[in-house]
Amino acid sequence: MNTLAFWRNRLLFFAVIWSFTMAVASFVIIVSTGGVNRLYWDTISNIAIRGVCNFGCYIVIFSIVIEVLSHYFPYNGRYLFIRLFISAMIGLSIAYLSANINALFPFPAAMTAAQDDFLFIFIITFFQCGMIFTTLEIWEMIKRNRNLNVTLTQMEKEKITSQLQALRQQINPHFLFNSLNVLSELIHEDIEKSDLFIQHFARVYRYVLQINQETVVTLLQELAFLDSYIFLQKIRFGENLQVEIGVAKAALQQYVPPLSLQVLFENAIKHNTISTAGPLRIELKSEGDILKIVNTLQRHNTPPNGTGVGQVNLKNKYELISEQSPDFYIANGRYIAELPLIRISP
């Protein structure tokens with residue numbers, strides 16, 4: 001909060017507390033003096049002037065004191081009791097000094113004998129100081145808690161952004177590593193297919209670089225990319241790779257992390273044997289707010305080389321952007337991956 005806004009708020013606080021005091025004092029004087037008369041006007045004007053001077057000084061002094069205390073004795077367990085003790089001593093001192101000054105300027109006509117008594121004046125003054133000091137302290141605590149919450153929220157946002165960026169930087173090398181492995185094997189089998197693969201791979205990887213900057217994308221976008229990715233894989237495997245996609249129209253405008261389908265299809269292809277005798281069948285379907293990727297389970301005898309970040313990366317992304325998490329399990333000789341579809345309110 002800038003200095004102008006700080007003192008504008010203090011001025012508003014002064015106006016409220018002064019108006020409230022004048023309203024209460026006016027009622028008490030009318031009852032005490034029997035109505036609106038000369039004594040009423042003399043007394044209420046005296047109280048108005050005192051209120052302007054007293055409340056104005058209290059608010060300015062206590063605001064400065066609280067700022068100094070907040071700098072040297074912040075609100076925490078280590079300094080809390082020291083701060084409370086110092087605040088009480090300052091409040092008591094200001095009240096005593098103010099009571100002495102006010103005692104030098106008696107009311108025009110005392111309504112009660114007690115108004116001339118120093119102890120009575122000190123009690124009233126101490127109550128006023130305590131009320132203003134406490135209100136300003138609570139105000140300061142609320143402001144600092146709000147600032148702390150804003151800071152923590154910003155830090156958490158920056159942390160999540162940093163984590164997502166780290167995950168994005170992981171997926172590109174992951175995709176590149178596995179694609180180059182495919183090209184390495186293909187280049188020894190068919191030169192023409194290798195050349196075609198390289199052309200389409202350049203298009204796909206350009207899309208990967210563009211879409212990977214997004215936190216989430218629509219399922220429709222992911223399926224469009226998946227078609228390109230499957231085309232690359234069919235260059236190598238032909239009809240030995242069988243893909244069936246059946247997604248409800250309503251699911252197309254829901255969201256998933258970018259490249260999530262590619263990761264799961266890539267893992268299915270990499271971790272299972274694919275041949276004419278044993279084609280790999282992958283089925284993609286939606287069931288309500290869940291997207292299922294199901295593939296036949298036909299493991300390699302020797303585990304393939306890889307970085308192992310695919311599914312871990314995907315789980316981490318879901319942890320950062322959703323309360324739901326993907327699920328992976330084996331049932332009836334099939335490997336099943338379930339991705340929660342993410343709804344984003346407009």
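Six salt bridges are found in this structure, which is a predicted model. One of them brings together the side chains of Glu-137 and Arg-83, with 3.0 Å from N to O. Glu-137 belongs to helix 4 (residues 118–186) and Arg-83 to helix 3 (residues 80–103), so this contact ties together parts of the chain that are 54 residues apart in sequence.

A second salt bridge joins Arg-281 to Glu-244, and here the closest N and O atoms are 2.2 Å apart. This pair also links distant parts of the chain, since Arg-281 sits in strand 4 (residues 280–287) and Glu-244 in strand 2 (residues 241–246), 37 residues apart. Arg-281 counts as partly exposed, at 37% relative accessibility. Glu-244 is likewise partly exposed, with a relative accessible area of 37%.

Asp-289 and Arg-343 make a further salt bridge, with 3.1 Å between the closest N and O atoms. Distant parts of the chain are linked here too: Asp-289 is in the loop between strand 4 and strand 5 (290–296), while Arg-343 is in the segment after strand 7 (334–340), 54 residues apart. Asp-289 is partly exposed at 34% relative accessibility, whereas Arg-343, with a relative accessible area of 60%, is exposed. Elsewhere, charged side chains join up in a network of salt bridges that links Lys-285, Glu-287, Lys-292 and Glu-338.

Attention can now turn to the cysteines. A disulfide is a covalent bond between the sulfur atoms of two cysteines. The count of disulfides in this model is zero. For Cys-53, the nearest cysteine sulfur is that of Cys-57, 6.5 Å away, and Cys-53 is in no disulfide; the cut-off for such a pair is 2.5 Å. Cys-53 is partly exposed, with a relative accessible area of 43%. Cys-129, in contrast, is buried, and its relative accessible area is 1%.

Six of its seven residues are buried, so strand 7 is largely enclosed by the rest of the structure. Strand 5 is joined to strand 7 by seven bridges, and the two run antiparallel. Within this pairing, Leu-291 has Leu-339 of strand 7 as its bridge partner. Strand 6 (residues 327–331) also runs antiparallel to strand 7, and five bridges join the two. Here Tyr-329 stands opposite Ile-336 in strand 7. Strand 6 and strand 7 form a hairpin with two residues between them, and Asn-332 in the turn has a positive phi of about 55°. In a regular strand, side chains alternate between the two faces of the sheet.

Buried residues in helix 1 include Ala-5, Phe-6, Arg-10, Phe-13, Phe-14 and Ile-17. Further along helix 1, Met-22, Ala-25, Ser-26, Ile-29 and Thr-33 are among the buried residues as well. Just after helix 1 comes Gly-34, which takes a positive phi of about 85°.

Technical notes
Residues numbered from 1 in each chain as written. Predicted model: local features only at pLDDT ≥ 70, side-chain atom pairs only at ≥ 80, totals over all residues. Heavy atoms only, no water. Salt bridge = Lys/Arg side-chain N within 4 Å of Asp/Glu carboxyl O. Helix = DSSP H or I, 4+ residues; strand = E, 2+ residues; numbered from the N terminus. Buried < 20%, exposed > 50% of the residue type's maximum accessible area, 1.4 Å probe, protein only. Pairing = 2+ DSSP bridges.
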